[in-house]
Each structure stands twice: as C-alpha cells, then as structure tokens.
Amino acid sequence: MVVFFSAPLLLVPARARAEHHFLPETPEYEAEEHEWGEARDRIDFGFDGEGAAIVTSPRSAIGSTLTGGSGFKLRVGDQLRFPELRFTPEIGYGFEHLYTSSDVGAYSWETHRVFGGARVAFGHVVSPGFYGHLGYGWRNSGDPTISQAGGLALDAGFALDFRLVRHFTFGAHAEYATIDTQPYTPQWLALGMHGDVLFW
C-alpha cells in the first residue's frame, strides 16, 4: 500500500520535489512574505504634536501680529495595505494655539479644525509619504478688534514614518495649513512629530 501511494512521487523530477520543499530564503522573499502575511486593512489612530511657524500674519486694527504657535492633531482612519504602499483615508481634529505681539498687549489666537482627507506612504520600515485634508475651521481671539469667524480649512504635508514594531509607527512631518477667516486669515507651517497605533 505504501508503495502504491508513493509511486507517483517517483514520476516527479527530483528538482521539482526539491523546489517544493526548499524555498529560497532571500531577504526579498522574507520581506514579501512578511508584507503579505499581515492584514490588508487596519484601523489607524494617530496623534501629531507640532510647532507653528507663521507664513503670513494678518495685522489687526491695534497692530497685533502672529509670531508662532504650537498645537496637535488627532486622527482616525482605515489603512489599506498594498505591496510597498499604504493608503489611509482619515478624519480628524486639529488645534493650534498661535501667539501674537503688539504695542498694546498680546492676544493669542486659538484655532480649531475638523477635517477629512487621506495619506499615502511608501515602503515598509522607512516610509516617506504625503497627506492632505479639507474641512471646516474657526478661530477665537482675545483681540477685541477681531471677531470670531470660521471658514474653509486645509492642509497638505510630507511625512517620514519609521515602523520598527508591528502595530506602531512614529515619525516627523512638515505641513502647510490655513483657515479662510477673512479678513484675518492665518497661514502657518507646522513642524512636528507623530505616532500611529494600528488595530485589526
């Protein structure tokens, strides 16, 4: 009986049997197996911490101008995974505290944004990428000559991610952001760090 079931194996060339049992263990093969062995999509929770450099500073009636700031963003998205590429549609909230100076006192601004957009990243361990968002933003100012206002909010940026463990990435980013609150429209460059936690 054993001979009966083993007989077909004798008809298979020895090279083919060897190739069936012994796969090449090259770095490229291991990377591909690792990539495809993961979930094809994941829930992505992200946090950004950043400083703000003012691009254009609106000047109020009392001479108040923006000088810089700091803030954060919270993001949640669905990360879709392809070989050497990750595409993440996401929504989020952003807050920026902008500092001012003038001859009569300092009146800081607080800006808020709710947004939707996407990001794309390339590679595996080191992943450069780009992102952009559109949404609605508003600002509050202590300056008595500037009323509260809201309008279109947008940002676009570049990110460099590092993925050293399976469910966590971290990195740095630089972005341009603005909120269309005429006639006082803030525009700034945000430079900071971020981290993402991935869940199935």
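View 1. Buried residues account for 38% of the 200 residues in the chain. The chain holds three helices and eight strands, and from the N terminus on these elements follow the order α-α-α-β-β-β-β-β-β-β-β.

**View 2. The aromatic pair of Phe-72 and Phe-95.** The count of aromatic pairs, taken as rings with centres within 6.5 Å, comes to eight. In one of these pairs, the ring centres of Phe-72 and Phe-95 are 5.8 Å apart and the planes meet at 35°, so the pair is tilted, given that stacked pairs have planes under 30 degrees apart and edge-to-face pairs have planes over 60 degrees apart. Because Phe-72 belongs to strand S2 (residues 65–82) and Phe-95 to strand S3 (residues 85–101), the pair ties together parts that are 23 residues apart in sequence. Phe-72 has a relative accessible area of 27% and is therefore partly exposed, whereas Phe-95, at 17% relative accessibility, counts as buried, the cut-off for buried being under 20%. Phe-72 and Phe-95 also belong to a cluster, linked by ring pairs, that includes Phe-47 and Tyr-93.

**View 3. The aromatic pair of Phe-168 and Phe-170.** Phe-168 and Phe-170 form a stacked aromatic pair, with a distance of 6.3 Å from centre to centre and an angle of 20° between the planes. Phe-168 is partly exposed, because its relative accessibility is 34%, and Phe-170 is likewise partly exposed, with a relative accessible area of 32%.

**View 4. Arginine charges over aromatic rings.** In the predicted model, the charged end of Arg-119 sits over the ring of Tyr-131, at 4.4 Å from the centre of that ring. The ring of Trp-109 has the charged end of Arg-139 over it, and here the charged end is 5.3 Å from the ring centre.

Definitions and conventions
Residues are numbered from 1 along each chain as its sequence is written. This is a predicted model: local features need pLDDT of at least 70, side-chain atom pairs count only at pLDDT 80 or more; totals for chains, interfaces and linings use all residues. Side-chain values use heavy atoms; hydrogens and water are left out. Helices (H or I, at least four residues) and strands (E, at least two) are DSSP runs, numbered from the N terminus. Buried means under 20% relative accessible area, exposed over 50%, partly exposed in between (1.4 Å probe, protein chains only). Rings of Phe, Tyr and Trp (its six-membered ring) pair if their centres lie within 6.5 Å; planes under 30 degrees apart count as stacked, over 60 as edge-to-face and the rest as tilted. A charge sits over a ring if NZ of Lys or CZ of Arg is within 6 Å of the ring centre and within 35 degrees of the ring normal.
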